[in-house]
Amino acid sequence: MKVGLFTIGDVDLRHLHRLTAHLEERFFYRFEITANLSAPTSAFNAVKKQYFAPAIFNRIKTAFSPDFKYAIGVTHVDLYGISLNYIFGDANCDEKIALVSTHRLRPEFYGHTPESFLFFDRLLKESMHQMAHAIGSKHCYNQSCVMHYSHNIYDIDKKTSLFCSDCEKKLKKTAAFDRAGDSKSA
């Protein structure tokens with residue numbers, strides 16, 4: 001079972017190689033870095049100076065190969081969503097696609113000095129959160145669970161990069177179902 005990891009625009013591949021290794025440890029799928037896509041110019045809002053996330057989902061959807069069960073896109077551009085001024089990421093369960101922006105995860109966005117460990121910790125948490133949504137997981141009330149909703153960057157920093165036992169059980173059940181479905185179609 002494979003997950004395609006798509007880059008959208010200029011994304012540091014060193015972080016992505018590390019990210020795929022961590023995601024494979026936490027999920028039950030193999031992650032594969034694949035095509036580098038450009039952010040669609042039609043997604044850019046010149047007034048907001050941000051990109052509309054649903055338009056980037058469409059770009060990933062067009063590159064989504066049948067070789068992949070799920071897809072996750074990682075971009076450096078600043079994103080916004082329907083009725084949301086900004087988002088760290090988003091997911092579409094029906095399309096099985098997750099999207100994460102590194103833009104607001106960087107400490108320098110908040111006027112701090114660059115810190116590689118903090119940035120990667122945020123990237124991992126947000127990637128896990130959105131990937132779990134793409135698989136079908138919902139938000140969790142456990143404040144330390146990676147599936148807890150984040151209103152701001154401080155909420156991301158407060159939670160762990162782990163699933164609580166309830167969320168982990170649900171993901172394992174989904175992974176087992178996915179594997180059973182794949183073996184029947186093979």
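Predicted model: local features only at pLDDT ≥ 70, side-chain atom pairs only at ≥ 80, totals over all residues.
Residues are numbered from 1 along each chain as its sequence is written, and side-chain values use heavy atoms, with hydrogens and water left out.

Let me begin with strand 5, residues 70-75, where six of the six residues are buried. By buried I mean under 20% relative accessible area, with exposed meaning over 50% and partly exposed lying in between, using a 1.4 Å probe and protein chains only. Helices (H or I, at least four residues) and strands (E, at least two) are DSSP runs, numbered from the N terminus. In a regular strand the side chains alternate between the two faces of the sheet. In strand 5 both faces are covered, with Tyr70, Ile72 and Val74 buried on one side and Ala71, Gly73 and Thr75 buried on the other.

Which strands pair with strand 5? Two strands count as paired if DSSP finds at least two bridges between them. Strand 1, residues 2-8, pairs with strand 5 in the parallel sense over six bridges, and within this pairing Gly4 stands opposite Ala71. Strand 9, residues 97-101, also pairs with strand 5 in the parallel sense, over five bridges, and here Leu99 is the bridge partner of Gly73.

Staying in strand 5, I would like to look at Thr75, which is buried with a relative accessible area of 0%. Its side chain has a polar atom 3.2 Å from the backbone nitrogen of Val77. If we take contact as heavy atoms within 4.5 Å and leave out residues up to four places away in sequence, Thr75 touches Ile8, Val11, Leu99, Val100, Ser101, Thr102 and His103.

Now to helix 3, residues 116-135, which has 20 residues and reaches 28 Å from its first C-alpha to its last, close to the 28 Å expected at 1.5 Å a residue; the expected span is 1.5 Å times one less than the number of residues. Because 17 of its 20 residues are buried, helix 3 is largely enclosed by the rest of the structure. After the helix comes Gly136, whose phi is positive, near 125°.

On a 1 Å grid over the protein atoms alone, a cavity is a set of points where a 1.4 Å probe fits but cannot get out, whereas a pocket is an open set with protein on both sides within 12 Å along at least five of seven lines, and lining residues have an atom within 4 Å of a point. Grid points are joined across faces, edges and corners, and a volume is the space filled by probe spheres set on the points.

How many cavities of 30 Å³ or more does the structure hold? It holds one, and the largest cavity contains about 40 Å³ of space. Its lining includes Asp10, His15, Val74, His76, Arg106 and Phe119, and the elements that give two or more residues to that lining are helix 1 (13-26) and helix 3. The largest pocket holds about 390 Å³ and is lined by 17 residues, of which Leu84, Ile87, Gly89, Gln130 and Tyr149 lie nearest its centre. Strand 7, strand 8 (89-92) and helix 3 are the elements that give two or more residues to the lining of this pocket.

Strand 6, residues 79-81, pairs with strand 7 in the antiparallel sense over two bridges, and Leu79 stands opposite Ile87.

Two loop residues next to these strands deserve a look at the backbone. Ser83, in the loop between strand 6 and strand 7, has a positive phi near 60° without being a glycine, and it is exposed at 74% relative accessible area. Lys49, in the loop between strand 3 and strand 4 (50-52), likewise has a positive phi of about 60° although it is not a glycine, and at 61% relative accessibility it counts as exposed.

Finally, is Ser150 buried or exposed? Ser150, in the loop between helix 3 and helix 4 (153-158), counts as buried at 12% relative accessibility. Its side chain is joined to that of Lys159 by a polar contact of 3.0 Å, a polar contact being a pair of N or O atoms within 3.5 Å where, within protein, one must be able to donate a hydrogen and the other to accept it, and where residues adjacent in sequence count only if both atoms are side-chain atoms.
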